[in-house]
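Reader: I'm new to this one, so could you take me through its rings and pockets?
Author: Gladly; here it is.

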Amino acid sequence: MYLRLYEFLGKYDILYNLRFGFRSSLSTNHALVSITEKKRNSIDKGDFSCGVFIDLQKAFDTVDHRILLKKLEHYGIRGVTNNLFNSYLSNRLQCVSINGSDSSYLPLTCGVPQGSILGPLLFLIYINDINVCIKNSLVHNFADDTNILFSGSNYKEVAKNINEDLNLLCHWLRASKLSLNVKKTEFTIFPAPNAMLSNDILNHKIKIDDKILIEHHNKKCKITFY
């Protein structure tokens, strides 16, 4: 089933082309090379770049089955095939086991089956449209990690567009019933070699979900979510 689904996705070019991980011939190195090359081109032009490195909280465990089945249908996996995936995801139970003692079993209504070969591929389909919600920035994905990168002639322009994209991303996350892992999400400014960053620019407010991002006070201008 995995091979047939993967072949179908490839035949109709369904998966986003900058989606790395869980795909043949598209490793972490490919993602790093692509992102680094985009940053290098920006620096060569004398532009500012800002990369936001986003981590989703328990992403594989919070995939909503109803939304996943609708997305499968949207991509052309309909009828009997969609019913088969519905059966595959339905009527699963889970419990917690501690020191040999098990809790009572409860129905599992979200998450891809752990340890399954289909799980990672179904997750890729679930988040495949995340790049569509981003208006200004270039999106790279590796598994449940997402990077959005925007370059501009000045930091004010970069911050404005990044803010807009982060706001759009929050709407997508809510609609997809996914959560941001704030502690593991950060962004970094990549200025041109001779660019000067004034205190006024560095204090420009950048927000996600109405939360102001706090700057790390160091020479690398690395800013982290708290």
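**Rings, charges and pockets**

Author: The charged end of Lys-71 is placed over the ring of Tyr-126, 4.7 Å from the ring's centre; a charge sits over a ring if NZ of Lys or CZ of Arg is within 6 Å of the ring centre and within 35 degrees of the ring normal. This is a predicted model, in which local features need pLDDT of at least 70 and side-chain atom pairs count only at pLDDT 80 or more, while totals for chains, interfaces and linings use all residues. Residues are numbered from 1 along each chain as its sequence is written, and side-chain values use heavy atoms, with hydrogens and water left out.

Reader: And Arg-92, which face does that lie over?
Author: Arg-92 lies over the face of Tyr-88, at 4.8 Å from the ring centre.

Reader: Switching to ring pairs, how many aromatic pairs are there?
Author: The count comes to four, where rings of Phe, Tyr and Trp (its six-membered ring) pair if their centres lie within 6.5 Å, and planes under 30 degrees apart count as stacked, over 60 as edge-to-face and the rest as tilted. In one of them, Phe-22 and Phe-60, the ring centres are 6.0 Å apart and the planes are at 90°, so this pair is edge-to-face.

Reader: Is Phe-60 buried or exposed, or in between?
Author: Phe-60 is partly exposed, with a relative accessible area of 23%; buried means under 20%, exposed over 50%, and partly exposed in between, with a 1.4 Å probe and protein chains only. Phe-60 also pairs with Phe-123, with ring centres 4.2 Å apart and planes at 25°, so that pair is stacked. Phe-123 itself is buried, at 0%, and Phe-22, Phe-60 and Phe-123 form one aromatic cluster.

Reader: Now pockets: what volume does the largest pocket have?
Author: Its volume is about 300 Å³. On a 1 Å grid over the protein atoms alone, a pocket is an open set of points where a 1.4 Å probe fits, with protein on both sides within 12 Å along at least five of seven lines, and lining residues have an atom within 4 Å of a point. Of the 16 lining residues, the closest to the centre are Ile-35, Phe-53, Asp-145, Thr-146 and Asn-147.

Reader: What about the second largest pocket, which residues line that?
Author: The second largest pocket has a volume of about 220 Å³, and its lining residues include Phe-60, Arg-92, Cys-110 and Pro-113.

Key:
Points joined across faces, edges and corners; volume = space filled by probe spheres on them.
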